[in-house]
Amino acid sequence: MTVMALERDVTAIAIGASTGGVEALARLLPALPPGLQASVFVVLHLPRERASLLAEIFAPRCRVPVRDVQDKDPICGGTIYFAPPDYHLLVDDGPQFALSMDDPVEFSRPSISVLFETAAAAYRERLLALLLTGAGSDGAAGMQAVHAAGGITVVQQPGEARMPQMPQAALDRIAVDYVLTLEEIMNLFEALPRTVHA
Amino acid sequence: MNAEVAPAINDVELRLLIEAVYQTYHYDFRHYARASLRRRLAAAMVRFDCRTLSELQSRLLHESQVFAELLEYMTVQVSDMFRDPSYFRALREKVVPLLRTYPSLKIWVAGCSSGEEAYSMAILLREENLLDRSLIYATDINPTALRRAEAGIYDAAKVPDFTRNHRLSGGRSSLSDYYSAAYDRVILDKSLRRNIVFSDHSLATDSVFAEVQLVSCRNVLIYFDRDLQSRALDLFYDALCRRGFLGIGLRESLRFSSHVDAFAEFAREDRIYQKVGGQ
């Protein structure tokens with residue numbers, strides 16, 4: 001497809017995924033180009049026992065650095081950050097990360113909506129939020145916050161998603177900017193701003 | 001919190017509200033991490049049916065009951081017994097053998113909220129035959145949470161998780177030895193409480209009150225900014241005896257402590273540190 005020219009700078013990309021998310025991310029994250037300027041935040045719902053190795057699993061496949069977040073970590077460009085299991089991941093002033101053990105939202109901790117809402121407050125129109133496959137409806141409220149803040153909203157085409165409910169819940173709620181297949185999202189990544197020397 | 005979009009929080013109003021709370025009620029949230037505070041206050045605005053934080057501020061200034069309830073939104077969190085079993089296993093296997101060498105033990109569970117961690121500690125010490133010569137200080141700033149902690153009554157639905165955690169932590173007995181069930185609640189054995197002192201203490205405004213061999217403060221620092229983290233860690237440093245132990249949450253760090261070099265990693269994966277130097 002012709003990649004939509006991103007009409008503005010994107011300094012942060014927030015990604016949420018649930019059931020089927022590991023497979024989707026295994027395709028998407030390696031497509032992030034070296035020299036990427038944006039910071040990338042990922043909330044992936046996983047059973048707690050399985051979730052702590054995400055950075056380890058994804059790092060060898062990715063072309064940009066991958067990290068598990070620790071409390072108060074500064075946010076660097078060109079880096080993929082995974083929410084730690086059983087904590088909410090929030091973007092705080094700075095920008096830096098904050099973690100919380102507040103109650104689950106939409107039965108989820110980490111919650112996609114919590115990440116999206118706090119990232120929207122920090123990055124406003126410079127945030128791109130991407131909601132992928134999953135059951136349930138975590139992320140829909142967050143997409144609405146991103147939309148309201150002027151950020152770019154993208155959902156995986158429900159027909160292609162292993163579980164269509166999550167992207168569909170966002171579509172039911174707001175006028176999402178783009179509904180794309182994983183292939184199209186990978187093309188979109190190619191259009192992201194990079195540092196010159198990369 | 002439900003799936004409604006949180007009300008927008010204006011930063012000027014946020015600062016004013018925090019200042020109003022501090023000056024009126026002497027609770028100091030000025031160095032709490034803003035992102036969490038914003039979310040919690042957004043939830044409180046929905047609860048109190050306020051469209052703006054200024055409206056909420058006006059109510060909390062004029063209605064003390066509103067503040068009492070707001071404090072719940074700003075501070076309370078629910079924990080589990082033996083949350084992160086590997087932490088308790090590390091305490092049991094690596095720290096307890098050293099604690100045993102002291103004739104009497106003092107342990108500080110800082111930010112105990114509704115008490116799950118303090119009771120977990122008491123059960124662990126009982127299993128290790130140390131509880132009788134131990135005193136656990138369990139502190140928090142929230143009076144309602146402290147009352148709940150003192151009551152030692154928990155939702156029975158959480159017991160299977162507690163039991164599983166306890167077993168994974170290397171528990172030597174059955175958790176059911178320590179509670180009795182009534183309807184949908186369990187009440188913890190009162191004898192566990194004999195060696196726990198629940199009290200009001202603020203890591204933001206109060207000072208050290210005792211010398212202790214172990215401080216356990218987990219998932220409390222995440223709610224603080226770097227300055228307040230540093231203050232809290234200074235308190236822990238001052239409270240700890242020579243070679244005393246500090247346990248923090250699995251995703252927390254000592255980076256912002258002015259004493260960062262004074263704590264040596266003792267059980268790295270489980271975030272247990274030992275004080276070096278000092279007295």
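## A walk through chains A and B

Start by selecting A:Arg124, which is partly exposed, with a relative accessible area of 41%. Keep in mind that you're looking at a predicted model. You'll find A:Arg124 in the loop between helix 3 and strand 7 of chain A. Check its backbone: phi is positive, about 50°, although the residue is not a glycine. Most residues other than glycine have a negative phi.

Now hop over to chain B and pick B:Arg243, another non-glycine with a positive phi, here about 65°. This one sits in strand 8 (residues 240-248) of chain B. B:Arg243 is partly exposed too, with a relative accessible area of 49%.

Back to chain A for a couple of prolines. Select A:Gly94 and A:Pro95: a cis peptide bond joins them, with omega about 0°. A:Pro95 belongs to the loop between strand 5 (88-92) and strand 6 (96-100) of chain A. Next, go to A:Arg109 and A:Pro110, where the peptide bond is also cis and omega is near 5°. Here the loop is the one between strand 6 and helix 3 (112-123) of chain A. For background, most peptide bonds are trans.

Next stop: helix 1 (residues 21-28) of chain A, together with helix 6 (residues 182-190) of chain A. They pack at an angle of about 40°, with their axes 10 Å apart. The two helices are therefore oblique to each other, and their crossing is right-handed. To see the contact, show A:Ala24, A:Arg27 and A:Leu28 from helix 1, plus A:Leu182, A:Glu183, A:Ile185, A:Met186 and A:Phe189 from helix 6. By class, that contact has six nonpolar, no polar and two charged residues.

Stay on helix 1 of chain A and colour A:Gly21, A:Ala24, A:Leu25 and A:Leu28, which are buried. Look down the helix axis: these buried residues fall within an arc of 95°, so they line one face of the helix. What do the buried residues of helix 1 pack against? Show strand 1 (12-17), strand 2 (39-44), helix 2 (54-58), strand 7 (127-131) and helix 6 of chain A, and you have their partners.

Last pair: helix 4 (residues 140-148) and helix 5 (residues 165-173) of chain A. Their packing angle is about 45° and their axes are 8 Å apart, which makes helix 4 oblique to helix 5. The crossing is right-handed. Select A:Ala140, A:Ala141, A:Met143 and A:Gln144 on helix 4, then A:Ala169, A:Ala170 and A:Arg173 on helix 5, to bring up the contact. Sorted by class, the contact has five nonpolar, one polar and one charged residues.

Key:
Residues are numbered from 1 along each chain as its sequence is written. Chains are lettered from A and ligands numbered from 1 in the order in which they are written. This is a predicted model: local features need pLDDT of at least 70, side-chain atom pairs count only at pLDDT 80 or more; totals for chains, interfaces and linings use all residues. Side-chain values use heavy atoms; hydrogens and water are left out. Axes are lines fitted to C-alpha atoms, for helices over the stretch in contact, and angles run from 0 to 180 degrees between N-to-C directions. Helices (H or I, at least four residues) and strands (E, at least two) are DSSP runs, numbered from the N terminus. Angles under 35 degrees count as roughly parallel, over 145 as roughly antiparallel, 65 to 115 as roughly perpendicular and the rest as oblique. A crossing is left-handed if the near helix is turned anticlockwise from the far one by less than a right angle, and right-handed if clockwise. Contact means heavy atoms within 4.5 Å. Ala, Val, Leu, Ile, Met, Phe, Trp, Tyr, Cys and Pro count as nonpolar, Asp, Glu, Lys and Arg as charged, and the others, Gly among them, as polar. Buried means under 20% relative accessible area, exposed over 50%, partly exposed in between (1.4 Å probe, protein chains only). The arc is that of the directions from the helix axis to the C-beta atoms.
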